[in-house]
Amino acid sequence: MSEAPKDEGAYAHAHDDTNTIYSVAEEKNKKFLQFIEEVTANADEVQKRVLAEILSRNAHVECLKRHGLNGQTDRETFKKIMPVTTYEDIQPDVNRIANGDKSHIICSQPISEFLTSSGTSGGERKLMPTTEEELERRSLLYNLLMPVMSQFVPGLERGKGMYFVFIKSEVKTPGGLVAHPVLTSYYKSSHFKNRSFDPYTNYTSPNETILCPDSYQSMYSQMLCGLCLNKEVLRVGAVFASGFIRAIRFLEKHWSLLCNDIRTGTLNPQITDPSVREAVMKILKPDPQLAEFIEGECGMESWQGIITRLWPNTKYIDVIVTGTMSQYIPTLDYYSNGLPLVCTRYASSECFLGVNLNPLCKPSEVSYTLIPTVGYFEFLPVDRNNGVTNCISMPKSLNGKEKQELVDLADVKLGQEYELVVTTYAGLYRYRVGDVLRVAGFKNKAPQFNFICRKNVVLSIDTDKTDEVELQNAVKNAVSHLVPFDARVTDYTSYADTTTIPGHYVLFWELSLNGSTPIPPSVFEDCCLAVEESLNSVYRQGRVSDKSIGPLEIKIVEAGTFDKLMDHALSLGASINQYKTPRCVKFAPIVELLNSRVKASYSSPKCPKWVAGHKKWNINVK
């Protein structure tokens with residue numbers, strides 16, 4: 001079977017010879033690009049072999065025996081016997097593993113850790129089991145990104161990347177396995193910490209600054225190193241667009257302190273982590289001229305183009321701007337003077353999925369080629385007949401006909417939308433990821449997909465995902481505060497406001513007031529907090545720990561506002577018989593209409609409660 005080429009020690013003898021480094025990089029790139037050609041040219045054959053290998057390796061695991069697969073590895077039998085699953089279906093097995101059951105429940109290899117998903121179940125992060133081999137497979141596939149990028153932007157091996165990346169809190173399950181987000185897993189792994197020299201993983205941020213658990217110290221030290229090495233930076237980025245904008249916002253607030261460190265060659269005493277101080281001091285030297293330059297740029301009234309002004313050799317910004325992250329594109333364009341916004345990869349907690357083979361395309365045209373070796377892919381057709389909202393609501397369980405409709409990677413149709421279903425080496429079988437994709441084209445015989453959205457999601461600022469049911473329950477809990485005043489919410493909608501940094505949720509409420517006692521502002525503030533307390537743990541972590549989401553805001557609108565909203569929809573051709581109030585709005589004229597009728601606005605007075613881990617665990621937080 002074709003596997004991504006390994007490159008251990010490729011640069012071992014080239015450390016001090018620049019020409020040799022560039023030559024090795026070129027040869028390595030050719031191998032990875034050839035791998036992509038081979039697996040996409042034989043996509044269906046590779047998929048058959050991948051499924052057979054997964055099933056033969058795991059033939060005796062409890063999950064497959066439970067469904068009566070009996071060691072069979074052919075695609076037809078697998079599709080006939082194995083059900084399509086959701087997280088709720090696999091949760092009993094996940095809980096057994098989390099509680100310490102080491103028998104072969106879902107995978108013949110030991111489960112090494114859990115990757116926590118940004119998606120939630122019952123308000124808590126989903127836990128995706130993984131193995132050491134699967135982590136190694138992910139690491140190898142990350143090596144595909146720069147060979148693809150180098151075809152479009154040559155010379156990247158001659159400079160550094162300034163990436164703002166961070167670890168998040170992790171917990172231990174009752175059975176002793178670590179549970180943490182996929183990127184935290186990668187940055188804490190030996191694949192990252194002990195990686196051999198490679199010009200494509202030559203970053204401005206020392207490992208110690210990335211691995212610092214204190215978010216302020218980590219951001220400060222990464223920004224400081226990026227400024228000190230500003231002339232060497234050829235590419236900048238973060239995981240998500242929202243994260244990169246937070247970094248620029250941090251610079252807006254703290255450039256004076258950073259310039260003082262650069263001028264004097266001394267590190268701010270607020271940075272107390274000894275390993276971070278030691279790593280930064282290897283880079284930080286007194287440079288009054290650089291400090292004066294940065295002060296001059298940051299002190300200007302306009303921050304338009306600040307990225308290209310401070311890091312003049314930057315070729316592109318490497319961030320995810322697909323899906324809900326597209327709302328940040330105008331802000332990125334402002335700060336960068338229109339540098340290319342590059343989405344290089346498509347990955348999830350379930351598995352690494354695909355690569356963007358045309359990385360300099362417009363954000364609206366980004367498509368990902370799924371790599372056929374990483375898992376077995378199936379696709380459930382999605383029919384979106386209301387084009388009013390990007391939120392796609394789909395049933396949790398499939399009937400027999402819907403199950404038969406799943407198609408293989410090689411059989412998808414151009415222009416059709418599908419929900420992604422995966423079978424992985426780590427023990428997920430016909431698992432519904434929840435991503436909706438549209439077929440945009442083909443690379444050889446492998447389809448390329450636009451990411452459309454997460455199913456059922458109505459609100460998202462960062463990695464949080466709030467669906468309509470969750471929002472409805474949160475509003476229901478909050479309006480109980482209005483009962484003593486004989487008031488109720490007659491209608492509502494919501495909006496993810498990214499004009500503030502960090503962005504925040506906005507709820508528009510229309511009230512029916514039957515009581516004579518005025519409602520004090522503190523009651524509406526309590527309503528804001530009640531909504532936040534009712535939202536899932538990913539949202540609350542964003543508010544409390546990551547500071548990636550701002551305080552929730554409730555805007556009270558004039559009576560009749562939602563009638564105006566319906567009138568607007570009808571004027572655009574909606575049917576009065578089918579119209580229902582959208583629970584989330586994104587269309588700018590609608591947001592403007594709502595904002596024009598706001599009478600009062602209130603925000604959460606404090607952060608909601610959040611602790612790392614699942615509520616039911618007696619956890620160890622690291």
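## A pocket and a sheet

Five elements, α6, α7, α8, α9 and β6, each give at least two residues to the lining of the second largest pocket. Keep in mind that this is a predicted model. Here is where those five elements sit along the chain:

| Element | Residues |
|---|---|
| α6 | 132-142 |
| α7 | 145-152 |
| α8 | 182-188 |
| α9 | 190-193 |
| β6 | 233-240 |

Which element supplies the largest share of this lining? That's α6, with four residues. The lining of the second largest pocket has 35 residues in total, and S139, Y142, N143, Y186 and T201 are the ones that lie nearest the pocket's centre. Sorted by class, 17 of the lining residues are nonpolar, while nine are polar and nine are charged. As for the space itself, the second largest pocket has a volume of about 840 Å³.

Now for the sheet. Four strands make up an open sheet, in the order β19-β20-β21-β22, and their pairing is mixed. At the edges are β19 (487-497) and β22 (598-603), each of which pairs on one side only. On average, neighbouring strands here are turned by 25 degrees against each other, ignoring direction.

Take a look at one of the pairs: β20 (residues 504-513) runs parallel to β21 (residues 553-557), and five bridges join the two. One of the links to find in the structure is E510, whose bridge partner in β21 is V557.

Helix α19, residues 521-534, lies across β20, β21 and β22, and it runs at about 60 degrees to β22.

Note on methods
Residues are numbered from 1 along each chain as its sequence is written. This is a predicted model: local features need pLDDT of at least 70, side-chain atom pairs count only at pLDDT 80 or more; totals for chains, interfaces and linings use all residues. Side-chain values use heavy atoms; hydrogens and water are left out. Two strands pair if DSSP finds at least two bridges between them. Axes are lines fitted to C-alpha atoms, for helices over the stretch in contact, and angles run from 0 to 180 degrees between N-to-C directions. Contact means heavy atoms within 4.5 Å. On a 1 Å grid over the protein atoms alone, a cavity is a set of points where a 1.4 Å probe fits but cannot get out, and a pocket is an open set with protein on both sides within 12 Å along at least five of seven lines; lining residues have an atom within 4 Å of a point. Grid points are joined across faces, edges and corners, and a volume is the space filled by probe spheres set on the points. Ala, Val, Leu, Ile, Met, Phe, Trp, Tyr, Cys and Pro count as nonpolar, Asp, Glu, Lys and Arg as charged, and the others, Gly among them, as polar.
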